[in-house]
Amino acid sequence: MSKVRVRFAPSPTGSLHIGGARTALFNWLFARHHGGTFVLRIDDTDTERSTDVSYREILAAMRWLGLDWDEGPEKGGPYGPYLQSRRMEFYRREAARLLNEGKAYLCYCTVEELAARRKIAQAEGRPPMYDRRCRYLTPEDRTRLEKEGRQPVIRLAIPEGTTTVNDIVRGEVTFDNDTIDDFIIVKSNGMPTYNFATVVDDHFMKISHIIRAEEHLSNTPKQILVYKALGYELPAFAHVPMILAPDRSKLSKRHGATSVEEYRDEGYLPEAIINYLALLGWSPEGEEEIIPLEKMIAAFSLERVSKNAAIYDTKKLTWINGHYLREGDLDRITRLAIPFLQAKGLLPEPLPEKDYNHVKAVVAAVRDRVKTLAEVADAASYFFTEVTSYDEKGVRKYFSKPGVADLLDEAREELASLPQFTAAAAEEAYRTLAERKEINTGQLFHPTRLAVTGRTMGPGLFEILELLGRETVLTRMSRAAKWIRENLT
């Protein structure tokens, strides 16, 4: 294979969509697998919708995911600039060449005229395509129309015949040129259209493979016609399957988060998103679902990309995220969790250095039972704030039994008398007390957990007690015993 050069070319009209991130990932994996070059290009010719905010968000999302680019914005490279808005001279020059060679022509039809003709064609049962009336204008016709003040667009003159896309994923797909309009390549304001600009850029940036979503397949014959008109060598094409919602509709906000930024803010880890996105349409050998990045790079091939639509399953993503949360480096997970704890008002900002190890121990205690960083903050709240209420089901099950308040007082005295307040010492004291009173250990464990956390589930009870500390534990047990007497007896 010749030198692999691929590109991801988002439009800065919004945040990085999860589907766009999957396309970027497939390009990135292909480049890394073949020792090639991954180019980031910003297609910002839609001046009305493109914003600098979106541009910055896309770059930030790419960095957060770890999809580093070899050439592109803020890195440069030999084929820049890498923003289409700064490449207008390329488009003007190539469009002029097509006009001079008779492969494109000026069209003076107004928007209103085109709309009226489309309406007539539809009424007559004909395809509402451009009727090519400007394709054969004489110089005198053009002069007359220009005197009327009409600003022309440039259209590509579509030849007769067929156009075949040789797609790595989908095989040969042939289109009849009769179904393709003489489409606009340059608008009346001088701005290039997508199907023209992307071809010019891909050629001059020496892109070898175009890997993109299936929805672009319908654009590909048009782009191939531009390649041929300009005399460019064709790249290889690979159209990867669409991502659909579980109900097989187009993925949208009604199905949950759709942008990388939203998932980051909800507490997902970049490695979990990368792992999950890789499995959306690509099937590595074996049954593994947790795949380290190095293994992805080594195994990735377009031949194992499916033709079928990929179903987006948030539950599976969350499960994968839980794995990385449990298995990730504890210091890194702690650093990532701290902003979520601060956002809930559980920790001061900035966090004093002296408090870090305690926070780290709390994160270690709760991360096995949660799936996101946001859930870490929820699960850890009682370590940093007072317990002001108790789980209703827990109250009925554990606090409503006769003698529970007295039992909590007795257990409290045992904990108060411990020489060292450790998890092991507390557990030994509780088991000794249960044996002495001839009761099941659960009759002690469950009310104590509810008293000190307000909850019925969480880390191991004695790990919780040690992390909370003697003073906090004794205070909460006294308060719970008092609450039981005042509300349940």
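Colleague: How many bridges join E5 to strand E6, and do they run parallel or antiparallel?
Modeller: Six bridges join E5 to strand E6, residues 171-176, and the two run antiparallel. Strands are DSSP runs of at least two residues, numbered from the N terminus, and two strands pair if DSSP finds at least two bridges between them. This is a predicted model, where local features need pLDDT of at least 70 and side-chain atom pairs pLDDT 80 or more, while totals for chains, interfaces and linings use all residues. Residues are numbered from 1 along each chain as its sequence is written, and side-chain values use heavy atoms, without hydrogens or water.

Colleague: What joins E5 to E6?
Modeller: A hairpin, through three residues. Within the pair, Val165 stands opposite Val173 in E6.

Colleague: Which side chains along E5 are buried?
Modeller: Thr163, Val165 and Asp167, which point to one face. Buried means under 20% relative accessible area (exposed is over 50%, partly exposed in between; 1.4 Å probe, protein chains only).

Colleague: Switching to Arg155. Where is it?
Modeller: Arg155 is in strand E4, residues 153-156. That strand belongs to an open, antiparallel sheet of three strands, ordered E3-E4-E7. The edge strands, each pairing on one side only, are E3 (104-107) and E7 (184-186).

Colleague: And how do E3 and E4 pair?
Modeller: Over four bridges, in the antiparallel sense. Cys107 stands opposite Val153 in E4.

Colleague: Is Arg155 buried or exposed?
Modeller: Its relative accessibility is 5%, so Arg155 counts as buried. Beyond four places in sequence, its contacts (heavy atoms within 4.5 Å) include Tyr105, Cys107, Tyr130, Asp182 and Ile184.

Colleague: New topic. How many aromatic pairs are there?
Modeller: A search of the whole structure finds 15. Tyr227 and Tyr232 have ring centres 6.2 Å apart and planes at 80°, so that pair is edge-to-face. Rings of Phe, Tyr and Trp (its six-membered ring) pair with centres within 6.5 Å; planes under 30 degrees apart are stacked, over 60 edge-to-face, the rest tilted.

Colleague: What are the relative accessible areas of Tyr227 and Tyr232?
Modeller: Tyr227 is at 1% and Tyr232 at 9%. Both are buried.

Colleague: Which pair is tilted?
Modeller: Trp282 and Phe300 form a tilted pair, with centres 5.3 Å apart and planes at 50°. Trp282 and Phe300 are 18 residues apart, and each is buried.
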